[in-house]
Amino acid sequence: MQCDPPPVDSSSFASAAPTETSQATDARSSRGLQSARVQLADQQVPRQAAACASVLDLIGGTPLVRLAHIEPPGVEIWAKCEFCNPGGSVKDRPALQIIRDALADGRLTQDKTLIDATSGNTGVAYSLVGAALGIAVKLVMPANVSAARKQITSAYGTQLVFSSELEGSDGAIRLVREIVAADPSRYFYPDQYSNESNPRAHYLGTGPEILSVLGDRITHFVAGIGTSGTVMGTGRRMREHRRPDGGGVTVVAVEPDDAFHGLEGLKHMESSMVPAIWRPNECVDRILPMSTDEGWEMTERLKEVEGLFVGHSAGANVAGALRIARELTASGQTGCVATVLCDRGDRYFVPLKWERRYEW
Ligand SMILES: Cc1ncc(COP(=O)(O)O)c(C=O)c1O
């Protein structure tokens, strides 16, 4: 499902930069009708709809949106709308690739249960792909992950096992290893942290899709480190890209600056089990430490000035992209920075329990 971005007139964006405020009303009144400067797509012309054989065909091909009210003059910031995937996050891509590759080489067969440690989006993605393909899924997650995540995954028929809330995602990984060791033939344990199909999904999908929209304009790619699949896979594809002027794409990873951070989905490497797929020397030029406050503030801004209600890791990614953009502006350069909106903000709400009868 590919959607072409609306035509953009970069000259109109430079003067449309907003004042920085966290108050939605202030932000809106200070902008007034500036948003009208963003050209609206012609609403008389129906958007093109695709016919898909299954929900799996809806994974990938997500649109890029220009962050016209966030970017500084002279630098474009574009964000890939991974919340448009059917499971609501970027993790649909690796889940599908992991299952596709394992079915192809026989590691996953119909009699096995897919088991993995995930505190959220990957679990939703495995659950969705598993349900569509008739594969049983069991997930191990810390007991304190949001009720929303537990309810969404179990709604697909996935079995949940809870690990200690004191041990975070590393405790879930240890518990899944124990369960598999006790009965290895029963399970397919993809281990998203060491599975090369995870970055491959982004090397084959996210990277080429970004290049197909931004082409030779792109100068930087910015993404947070969770399993590191997004930044490693997309980063590898970016590394291969050469602009006609001989320049390449700088790959920037965003990492929480503290072990006790609030950027759900991202990992502070020094205090975590380091994913085997995280090999920054291969394609990462720079690592930006990100505070919870900066990531959260940008999450608020995205909602208020762009109408994008996304999760905190998406906010951290855009905050990283903005830092890069400001550095370029400060040194008198232009540029085009691409980043990723990993999931939607409403994923962090507690939904009504998914059952047939509600009590009010
Ligand atoms: C909300 C969110 N943001 C970011 C990430 C990081 O993506 P990756 O695992 O590709 O590094 C994840 C991964 O689980 C996530 O769920």
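1. A residue counts as near a molecule if its C-beta atom, placed from the backbone, lies within 6 Å of it. Keep that cut-off in mind as you look around the ligand in this predicted model. There, 20 residues surround the ligand, and the closest are Gly226, Thr227, Thr230, Gly265 and Ser313. Helix H4 (121–133) and helix H8 (229–240) are the elements that each give two or more residues to this shell.

2. Next, please find His261, which sits in the loop between strand E8 (250–256) and strand E9 (286–290). Is His261 buried or exposed? A residue is called buried if 20 or more other C-beta atoms lie within 10 Å of its own. His261 has 20 C-beta neighbours inside 10 Å, so it counts as buried.

3. Which residues does His261 touch, once its neighbours within four places in sequence are left aside? The contacts are with Pro256, His268 and Thr292.

4. Five of its seven residues are buried, so E4 is largely enclosed by the rest of the structure. E4 runs parallel to strand E3 (residues 113–117), and five bridges join the two. Within this pairing, Leu114 stands opposite Val137 of E4.

5. E4 also pairs with strand E5 (residues 159–163), in the parallel sense and over five bridges. Here you can pick out Met141, whose bridge partner in E5 is Phe162. As you trace the strands, remember that in a regular strand the side chains alternate between the two faces of the sheet.

6. Finally, a word on confidence. The chain averages a pLDDT of 88, and 84% of the residues score at least 70. Where does pLDDT stay under 50? One such stretch is residues 1–22, for which the model has 37 contacts beyond four places in sequence. Over residues 355–360 the pLDDT is also below 50, and this stretch has one contact in the model beyond near neighbours in sequence. Where pLDDT is low, the predicted coordinates should not be read in detail.

Note on methods
Residues numbered from 1 in each chain as written. Predicted model: local features only at pLDDT ≥ 70, side-chain atom pairs only at ≥ 80, totals over all residues. Helix = DSSP H or I, 4+ residues; strand = E, 2+ residues; numbered from the N terminus. Buried ≥ 20, exposed ≤ 12 C-beta atoms within 10 Å, placed from the backbone. Contact = placed C-beta atoms within 7 Å. pLDDT = per-residue confidence, 0-100. Pairing = 2+ DSSP bridges.
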